[in-house]
Amino acid sequence: MREEEDEKEDLLVSGKEMREEKEEELLVVGNYCHDVLFRDGLVVGETLGGAASFISQVLESLYLSSKTTIVAKVGPNFAYSSSPLSLLHPPVIASSSLTTLFHAHFFNDQPDRTLRRICACDPISPSDLPTSSLYDFGMAVGVGGETTVETLARMLDLCDTVLVDVQALIRTFDPVDGAVQLISLSSTPFFSLISRVQFLKTSAEESRYLDIEELRRGGCVIVTDGAEGCHVYWREGEFQVPAFRAVEVDPTGAGDSFLGGFVAGLVCGLSVRDAALLGNFFGALTVSHIGVPELDPVKLQRVKDEIEKRSARCINGCKRKEGVTDFGKSVGFEEFRAVLAEVALDISGRQNGPFNPPSQGMELVGNLKREW
C-alpha cells in the first residue's frame, strides 16, 4: 500500500517537473481548410482557410510563432503546402481523407452569407496532440466538426488556460447540402467540460444558442458583434470594447483573427480589456481581405512596441500571480486604442483604398462600411 502511495507521489512530482521544465506558450488545435467564395453563383475567390490559419498569421505578425504549436489536419489534396503558414506550421496529412472544404455564398440582395461544408477532413484526436509539453494557453478552434469531446478534455489537461471558439462545439452540418447549422450548447456532449474553460468566444448570432448568464458564472464569455466591437462578460461584471472602422470585403476569419489578437495579448501579459481591443484591431484588418490577410510584421512594429510597453505596466495581466485575471480598465487604454487606430489607418493608406482591396481580377464580395 505504501509503495503505491510513493509511486503516485513520484508521478505527481515528475508531472510538476515536466511543467516547470517543458512548458510552452500556446497550443492551437483546428484544421486548415480550403475556402471557395461565391457571389451570386460565381466564384470570386479561393483561399486557405480554417481558424488555425488566421490565428497563425496574427501570431506570426507579432513574432509569436516560435512560441506556438499548431495541430491541424488536411488531406493529400491540400493546395497550400508551400504557403508560408503551412511551411511554418506543417499540418498532419490524413491519407484517407480530403481537406475540409467550405463554400461561402454571398448575394447582393441578402446581408448574410450562406456557408456550406462540402467535405470534412478527419477529426483531431487526443493522440494527435503533443505529449512532451504542457502549455500556458490552449485554443480549441475547429470550424468543420474536427473538435472531439475527448480532444477538448485532453487540452484541458495539457493547458493552464483554455480558450474555446463556440463554433467548434455547436456547429452541425446538413447531411444533404452541408449547410452550417447551430444547436444549443447545453445539448452537446461538450457542455460537461465548459466549467473548466476559462474563455469562451462566440459571435452575436451564436450567442443565441448559449446561456451567457449561466456561463459567465464559471468563466469569461466574449461576444464579438461587428460594428459594436465585443462584449465581455464574467462573474463580477461586463464591459464593451469598441470596434475599429473597416470596409468589409469578406467577413470570413474575422472572429478567428480576433481570437489571435486576443490570445496574443494574453500571452504578452495584457489585461483582458486590452487583449480584447487588440483582437478587435486584427478582426478589422481581416474583413478588408479575401482570405487570410497579409500582415507585415514591419508595419505592425509600432503595435508590438506598444504591447511590450503596456505589458511592462501590467501587474495583473493574464501572465499573473496567484491566478488573478485583470478585467479592469488599464491605465492608458484610450492611448492604446488611438495607437491601434493610427496603425490601421497607416496600413490602409499604403493600399489603393480603405484597407486592402481584393486581389486583381476578383470582385468585391461585399462593400459595406462597418466598424470591427
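Figure 1. At 0% relative accessibility, phenylalanine 262 is classed as buried (buried means under 20% relative accessible area, exposed over 50%, and partly exposed in between, with a 1.4 Å probe and protein chains only). The model shown here is predicted: local features need pLDDT of at least 70, side-chain atom pairs count only at pLDDT 80 or more, and totals for chains, interfaces and linings use all residues. Residues are numbered from 1 along each chain as its sequence is written, and side-chain values use heavy atoms, with hydrogens and water left out. The structure holds 7 aromatic pairs (rings of Phe, Tyr and Trp, the last by its six-membered ring, pair if their centres lie within 6.5 Å; planes under 30 degrees apart count as stacked, over 60 as edge-to-face and the rest as tilted). One of these pairs joins phenylalanine 262 to phenylalanine 199, edge-to-face, with 5.4 Å centre to centre and 70° between the planes. Phenylalanine 199 belongs to strand β13 (residues 199-203) and phenylalanine 262 to helix α8 (residues 254-267), so that the pair links distant parts of the chain, 63 residues apart (helices, H or I with at least four residues, and strands, E with at least two, are DSSP runs numbered from the N terminus). Phenylalanine 199 is buried as well, with a relative accessible area of 4%.

**Figure 2. Phenylalanine 281 and phenylalanine 282.** The planes of these two rings stand at 80° and their centres are 5.0 Å apart, so the pair is edge-to-face. Phenylalanine 281 counts as buried at 1% relative accessibility, and phenylalanine 282 counts as buried at 0%. Leaving aside residues up to four places away in sequence, phenylalanine 281 touches Phe244, Leu300, Val303, Leu340, Val343 and Ala344 (contact means heavy atoms within 4.5 Å).

**Figure 3. The nonpolar cores.** The largest nonpolar core has 76 residues, of which Met139, Val232, Phe262, Leu278, Phe281, Phe282 and Val303 touch the most other members (such a core is a set of buried Ala, Val, Leu, Ile, Met, Phe, Trp, Tyr and Cys residues joined through side-chain atoms within 4.5 Å). Helix α9 (residues 272-287) supplies the largest share of this core, 10 residues. Another core, of 32 residues, lies apart from it and has Val71, Tyr135, Ala140 and Val197 among its members.

**Figure 4. Further ring contacts.** Tyr32, Phe78 and Tyr80 are linked into a cluster by ring pairs. Elsewhere, the charged end of arginine 117 sits over the ring of phenylalanine 173, 3.9 Å from its centre (a charge sits over a ring if NZ of Lys or CZ of Arg is within 6 Å of the ring centre and within 35 degrees of the ring normal). Arginine 273 lies over the face of phenylalanine 239, at 3.8 Å from the ring centre.

**Figure 5. Salt bridge between aspartate 177 and arginine 116.** The structure holds 11 salt bridges (a side-chain nitrogen of Lys or Arg within 4 Å of a carboxyl oxygen of Asp or Glu). In one of them the side chains of aspartate 177 and arginine 116 meet at 3.5 Å, N to O. Aspartate 177 is in the loop between β11 (171-173) and β12 (180-182) and arginine 116 is in strand β8 (residues 114-119), so the bridge ties together parts that are 61 residues apart in sequence. Aspartate 177 counts as partly exposed at 34% relative accessibility, and arginine 116 counts as partly exposed at 24%.

Figure 6. Glutamate 238 and arginine 216 meet through their side chains in a salt bridge of 3.2 Å, N to O. Glutamate 238 lies in strand β16 (residues 237-241) and arginine 216 in the loop between α7 (212-215) and β14 (220-224), so the pair ties together parts that are 22 residues apart in sequence. Arginine 216 is buried, with a relative accessible area of 9%. Arginine 302 forms a salt bridge with glutamate 342, their closest N and O atoms being 2.8 Å apart. This pair links distant parts of the chain, 40 residues apart: arginine 302 is in helix α10 (residues 301-313) and glutamate 342 in helix α11 (residues 333-349). Arginine 302 is partly exposed at 42% relative accessibility, and glutamate 342 is partly exposed with a relative accessible area of 40%. Salt bridges that share partners join Glu213, Arg216 and Glu238 into one network.
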